Amino acid sequence: MAIKKKPSKNFAISEKITPISESVGSLSLLIYGKSGTGKTAFSATLPKPILLLDIREKGTDTIASVEGIDRLAIDSWDEFEEAHIYLKSGEHKYKSVVLDQVSTLQDLAMEKVRADENMKSADLISKRNWGQISGMMKTWLFAYRDLTEDDLHVCFIAHDRSQGGEETLDDQIDPTIGPRLMPSVASGLNGAVDMIGNTFIRERFEKDDDKKKIRLVEYAMRIGPHAYYTSKIRRPVAAGAPPDVLVDPTFDKIAAIIRGESVKRKLKRKE
C-alpha cells in the first residue's frame, strides 16, 4: 500500500499534540503506613465523586463527614471482580476509586482459592495455592490500575510491613519497609503505580513567645527516595528531586509535584 505524501484537508493529528507538562492525566497511587497515620483521610482528597471499596476494613469513620464519597463493602473475591466490571463499563459517576485495603484483599483471594479447591479449614495452603493467590492478586490489581486509562484515579491503600533486606558490605542486613503484601505482589504493584507514599505522624516540642512548651504534630507522607522505606513519585527530570516528606498530604499537592511544581510546608500546632 502506498504511503500518502500529503495529509488530507480533514487531517487533524496535530491537534492531539500537547506539551508533556500539560498531559498529567489520571493517576495511580499506593499509600501505606501504620493505622491512624492518615491513609484513608488522604484518599478522601482525591477528585470526587469517589467510590471507596471497603475491603473488610471498616475504617471509614474518619471521612464520614466528607461529601462526594460512596462506600461499597467488599466481602468476597467475586464482589471485588464485579466492582471492576462495573467501573470498567463507564456507566457510573465516579472520578476516583479507592481500594481500602489491598492487604486484606489477600484474605479474600485465599478464601476464593480454598473454596475452588474444596479445601477444609484445617488444610494447609500449598506452594501451588500461594502461586494461585499471587496470580489472582497481580492480575486484578493491575486491572484496577489500568482504570486510569478510563479517566479514573486509582488509590491503593495498604498496611505497612518490615522485611529483611539485602546484606551490606559490613554483613549487616538492611530492613525494607513497604506495603503489607506478598513479596511478588508488592514488587509488581510498586513498579506499576505512579506514586508510592508512606504515611506517618511526626511530632516535636518547641517554646512559644511566652516560653510555653508547644507540641507540634505533623501528619506527613514520605514520597522521596529513602534507604529503608519504599517510596517514589514520577515527575519531570528538569524539575529536580521531589521533597522527601510532604506535610498534610493531599491529592492536589501530589498532582502539583508530578507537574513539577513546588509545595509549601505547613505545620499543625497542638498544645
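Predicted model: local features only at pLDDT ≥ 70, side-chain atom pairs only at ≥ 80, totals over all residues.
Local features here need pLDDT of at least 70, side-chain atom pairs count only at pLDDT 80 or more, and totals for chains, interfaces and linings use all residues. Residues are numbered from 1 along each chain as its sequence is written, and side-chain values use heavy atoms, without hydrogens and water.

View 1. A pocket is an open set of points on a 1 Å grid over the protein atoms alone, where a 1.4 Å probe fits, with protein on both sides within 12 Å along at least five of seven lines; lining residues have an atom within 4 Å of a point. The lining has 21 residues, and Thr-37, Gly-38, Lys-39, Ala-41 and Phe-42 lie closest to the pocket centre. Helix α1 (39-43) gives the largest share, four residues. By class, five lining residues are nonpolar, eleven polar and five charged. Gly counts as polar.

**View 2. Helix α6, residues 251-258.** Seven of its eight residues are buried, so α6 is largely enclosed by the rest of the structure. Buried means under 20% relative accessible area (1.4 Å probe, protein chains only). Among the buried residues are Phe-251, Lys-253 and Ile-258. Just after α6, Gly-260 takes a positive phi of about 95 degrees.

**View 3. Helices α3 and α4.** The axes of α3 (residues 102-116) and α4 (residues 127-145) come within 9 Å. They cross at roughly 125 degrees.

Terms used
Helix = DSSP H or I, 4+ residues; strand = E, 2+ residues; numbered from the N terminus. Buried < 20%, exposed > 50% of the residue type's maximum accessible area, 1.4 Å probe, protein only. Axes fitted to C-alpha atoms, helices over the stretch in contact; angles between N-to-C directions.
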